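Please read the following report alongside the sequence and the model.

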Amino acid sequence: MFIAGTDTTYTVLEWAMTELLRHKTVMRKLQDEVRTVAGNRTHVTEEDLVNMNYLKAVIKEILRLHLPVPLLVPRKSMEDIKLEGYDIAAGTQVIVNAWAIARDSSIWEQPLEFKPERFMNSSIDYKGLDFELIPFGAGRRGCPGVSFAISINELVLANLVHQFDWKLPDGVEGKDLDMSEINGLTCRRKYPLLAVATKYDRNE
């Protein structure tokens with residue numbers, strides 16, 4: 001439970017900061033929203049998150065493009081079924097590839113592009129009712145920590161972009177970032193992200 005509640009969370013946040021540093025327009029749009037809602041307060045609160053629709057879209061897009069757990073917990077078929085032309089016998093262990101679903105070009109337009117705007121006028125959510133986006137699984141055995149995970153990710157990311165301006169070190173450009181993945185308990189960056197934070201001056 002500790003691993004599920006920490007490893008996945010920092011993996012999502014690292015990918016989020018990576019994509020924001022690669023897409024400056026998205027970073028600015030997110031910062032504008034967060035700083036407008038939070039105003040002159042030093043910290044974003046949980047109550048603020050309700051009014052941060054673009055933040056929610058960014059988190060959804062990160063969960064789509066960079067699922068922390070790409071293969072869901074194995075299931076077992078309860079009865080003989082035929083699915084998409086495949087015969088699956090009762091008792092067969094089945095593993096759902098949520099990573100492949102989230103990058104399926106028959107479901108998503110430009111599936112390999114980071115575009116939070118795709119969720120701005122979309123009812124698709126990550127709670128297991130929309131099968132094109134199931135980072136937390138679905139059904140009775142979906143992740144019980146989904147609400148906690150989303151709250152933590154939204155709150156931490158909002159505070160990071162609210163309190164600091166960010167850039168890559170040593171003149172590195174976003175397009176130069178190595179986006180290689182490495183699989184373990186989670187699907188994280190092969191090379192840790194290095195970024196430079198500068199305290200945001202609200203008086204400027």
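The report below begins with the basis of the values and then turns to the structure.

## Basis of the model

This is a predicted model, in which local features need pLDDT of at least 70 and side-chain atom pairs count only at pLDDT 80 or more, while totals for chains, interfaces and linings use all residues. Residues are numbered from 1 along each chain as its sequence is written, and side-chain values use heavy atoms, with hydrogens and water left out.

Leu157 touches (heavy atoms within 4.5 Å) Leu13, Ala16, Met17, Leu20, Leu30, Leu55, Val58 and Ile59, residues up to four places away in sequence not being counted.

In α2, the buried residues (under 20% relative accessible area, with exposed over 50% and partly exposed in between, for a 1.4 Å probe and protein chains only) are Val26, Met27, Leu30, Gln31, Glu33, Val34, Arg35 and Ala38. The helix is followed by Gly39, whose phi is positive, near 65°.

The axes of α2 and α3 (lines fitted to C-alpha atoms over the stretch in contact, with angles from 0 to 180 degrees between N-to-C directions) lie 8 Å apart at an angle of about 140°. That makes α2 oblique to α3, a class left for angles that are not under 35 degrees (roughly parallel), over 145 (roughly antiparallel) or 65 to 115 (roughly perpendicular). Val26, Lys29, Leu30 and Glu33 of α2 make the contact with Asn53, Tyr54, Leu55 and Val58 of α3.

## Individual residues

Glu154, in helix α5, counts as buried at 5% relative accessibility, and touches Leu49, Leu55, Lys56, Ile59 and Tyr126, again without residues up to four places away in sequence.

Most residues other than glycine have a negative phi. Gln110, in the loop between α4 (98–102) and α5, has a positive phi near 45° and is partly exposed at 39% relative accessibility. Asp170, in the loop between β5 (164–167) and β6 (181–183), has a positive phi of about 55° and is exposed, with a relative accessible area of 80%.

Definitions and conventions. Helix = DSSP H or I, 4+ residues; strand = E, 2+ residues; numbered from the N terminus.
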